[in-house]
Amino acid sequence: MKILLVEDDSSIRAVALVSLSRVGGHDVTIAENGREALKIAETSEPFDLILLDVMMPELDGFETCKRLKLSAKTSDTPVVFLTAKAQVYEIRQGISLGAIGYIIKPFNPMTLSTEIEKIMKSHGASPDVLQPA
Amino acid sequence: MSYNLRNRLQGVQYLSIRNRLLIASLILSVLASYGPNWIIGHIQVLTERQGKSVHRREQLASASLILKSINHCHSEMIAYAVSGNSSWLSQIKISLDSAQRALKALHFNLHADKQILLFDEPESRENVEIISREFAAWQDRLVIPLIKSSVPLKMQPYSSSFIKSILEDSNFNELNFHLLRLTENLERSHRASDEASIRATKRIRYVVLGSALTFMIALSLFMLSLWFSLIPRLNSLLIAAQEIKSGNLSYRLPTMEVSGGTEISTLGKAFNEMASSLQEKNEKLLELNKVKTDFVSTVSHELRTPLTAIKGSLGLILGGVIAPIPVEVKQMLEITAKNTDRLIRLINDVLDVAKIEAGAMRLNLDKFNIDFIIRDAIEAIQPYANAHKIEIQYHTANPSPLLVVDPDRLEQVLVNLLSNAIKFSQDESKVNVLLKLHADNVAIHIIDEGIGIPHQEATQLFQKFRRVQNRPYQDRGGTGLGLAICKALVEEHGGQISVSSEPGKGSEFIFTLPWNGIDIQSQSELAA
């Protein structure tokens, strides 16, 4: 599927990119921060999933998610948060903003894709969406 | 001008209770001292009048008696003179005697009167003098000689001229005339004083009534003033207290109600100051809390970011995704990966402890089926159990209770306890998990058949940094924080954790979680 990855740390970005594309076989687009993510989401073809880091400077994950849900073009795209474990209580807040799930950092790069697929399946995504691009 | 007056009237509302009491007691004490004084004065006047009227009645009686007696005497003298019958003489004596006595009484009364200064009609006094004079003259000239003159037993009628002189005696006529005048005067003043007494009594009654009424009105006004000014102020104080209680710490009583020096204004001012102090302290506390939570979040993020990158890149290499790697390289990298995971666990523990210490540990509570959580935990630990060929047996309860818990944290506790159970057991032994239902809680037992815990260590097991010393399995790792975190998490849920163990036989960890005894998910619901 077509994934938009939003992550400000370059190392994690590189690892996640390899994990999602090589292990999961998905088509991954990268955004380095919230603002870039919004721009890309507006101008590109709709994505099947947006993987959103929470702790980012300037525009954090929650604010980005809020704005994505407000825009007609991106409001239907499922959002999954990437977060460090300490902030689980904030994630419940994130769910209330419209995200469908969360992945805890540090994640296992070999199972990242399967975990994402599990979340999407439990939210009614059709099987062909989950197939590798 | 009217503005000033309105201000002044409004100002009355702000009279303190003390001042109101002073004013009220001033009015009442004036009433109290003046009223009774006036009443007593008038009662005194009344009693004097009573006394006076008694005197007057006596005087009247005496005067009437004198009148009657002298007229009897007169008639009897005529009768004697006409008949010559000497038996009339005794009657004459009796009548004269009676008249004399009555006159004496009148005189006595007259003199007694002087002390009370009551005989205010000089005419009456004059009358009495004349009466006495005329009586004495009449008595001496006519009556006594008549009695004294010895009349022979043979009846000799007196001459008609003598009778005529008795009839026309000037003293007698004067006496009669003045006695009549006296009686008339006495009756008239008697009547007048009666009327005056009645009027005075009426006046006293009105004064008493008036005083009582004024007293009532003054008291009522005082009460009303308290009611209308105090009650609304107390009400607004009550509302203010309720606002503060419900969390609105910025609520204050309006300036109008707290200025002025009355007792309740002072109370209001103190209340406002208290609210300000509360608000300030609360804001400081919230700020402090925020700083603590921010710190933990920031540190957590800063530590986990590089670890994510390390674990991620290692995982990809070991997963064979990047390029094939020689076996020895793989072995080394596996050491790195294992220790990275260990480091991650350590940091998780340390951050958990930091959160607990900072009071920033917040649970995400919701109703969950506890059975599912236990099964998830067992599933998570299964690889570790399989590696040591340890069998985990789970004895669930039916029906499964629904509890208000944080599922992630509860799973953390279970995984920790199961991990310990496996760690300190011999390979191929068993670990039992029991779910037991009680009236107001559920208990989860984790029982292993491992090496057990020496008694003196069992008591300190849940403290931070405690690890069992001198153990054969020490290199299996552990930070010493796990059980302390379990204890904190269980207690945060409102439960308790305990351990019983016998060295060489095994250990049993039991923790409880509160349950209302009602909420369950039956097997039929699960099947549906």
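Predicted model: local features only at pLDDT ≥ 70, side-chain atom pairs only at ≥ 80, totals over all residues.

Author: A contact here means heavy atoms within 4.5 Å.

Reader: In chain A, what share of the contacts between residues at least 6 apart in sequence join residues at least 24 apart?

Author: Chain A holds six helices and five strands, and read along the sequence these follow the pattern β-α-β-α-β-α-β-α-β-α-α. Among its contacts between residues at least 6 apart in sequence, the share that joins residues at least 24 apart is 61%.

Reader: How much of the accessible surface of chain A belongs to carbon and sulfur atoms?

Author: Chain A has 133 residues, of which 49% count as buried. Its accessible surface comes to about 5,800 Å², and the part of that surface belonging to carbon and sulfur atoms is 52%.

Reader: Over which ring does the charged end of K2(A) sit?

Author: The charged end of K2(A) is placed 4.5 Å from the centre of a ring. A charge has to be within 6 Å of the ring centre to count as sitting over the ring, so the distance part of the criterion can be checked directly. The ring in question is that of F47(A).

Reader: How is the aromatic pair of W138(B) and F172(B) arranged: stacked, edge-to-face or tilted?

Author: The search of the whole structure finds four aromatic pairs over all chains. For W138(B) and F172(B), the centres are 5.4 Å apart and the angle between the planes is 40°, which makes the pair tilted.

Reader: Why is the pair of F462(B) and F509(B) called edge-to-face?

Author: F462(B), at 14% relative accessibility, counts as buried, and F509(B) is buried with a relative accessible area of 8%. F462(B) lies in the loop between helix 12 (455-458) and helix 13 (482-492) of chain B and F509(B) in strand 7 (residues 506-514), so the pair ties together parts 47 residues apart in sequence. Planes over 60 degrees apart count as edge-to-face, and these rings, with centres 6.3 Å apart, have their planes at 85°.

Reader: How far apart are the closest N and O atoms in the salt bridge of K284(B) with E280(B)?

Author: The two residues are four apart in helix 8 (residues 263-318) of chain B, and are therefore separated by about one helical turn. K284(B) is exposed, with a relative accessible area of 57%, whereas E280(B) is partly exposed at 47%. In their salt bridge the closest N and O atoms are apart by 3.7 Å.

Reader: Are R409(B) and D352(B), which meet in a salt bridge, buried or exposed?

Author: The side chains of R409(B) and D352(B) meet at 3.2 Å, N to O.

Conventions:
Residues numbered from 1 in each chain as written. Chains lettered and ligands numbered in written order. Heavy atoms only, no water. Phe/Tyr/Trp six-rings, centres within 6.5 Å; stacked < 30°, edge-to-face > 60°. Buried < 20%, exposed > 50% of the residue type's maximum accessible area, 1.4 Å probe, protein only. Lys NZ or Arg CZ within 6 Å of the ring centre and 35° of its normal. Areas by Shrake-Rupley, 256 points an atom, 1.4 Å probe, with all protein chains shown as cover. Salt bridge = Lys/Arg side-chain N within 4 Å of Asp/Glu carboxyl O.
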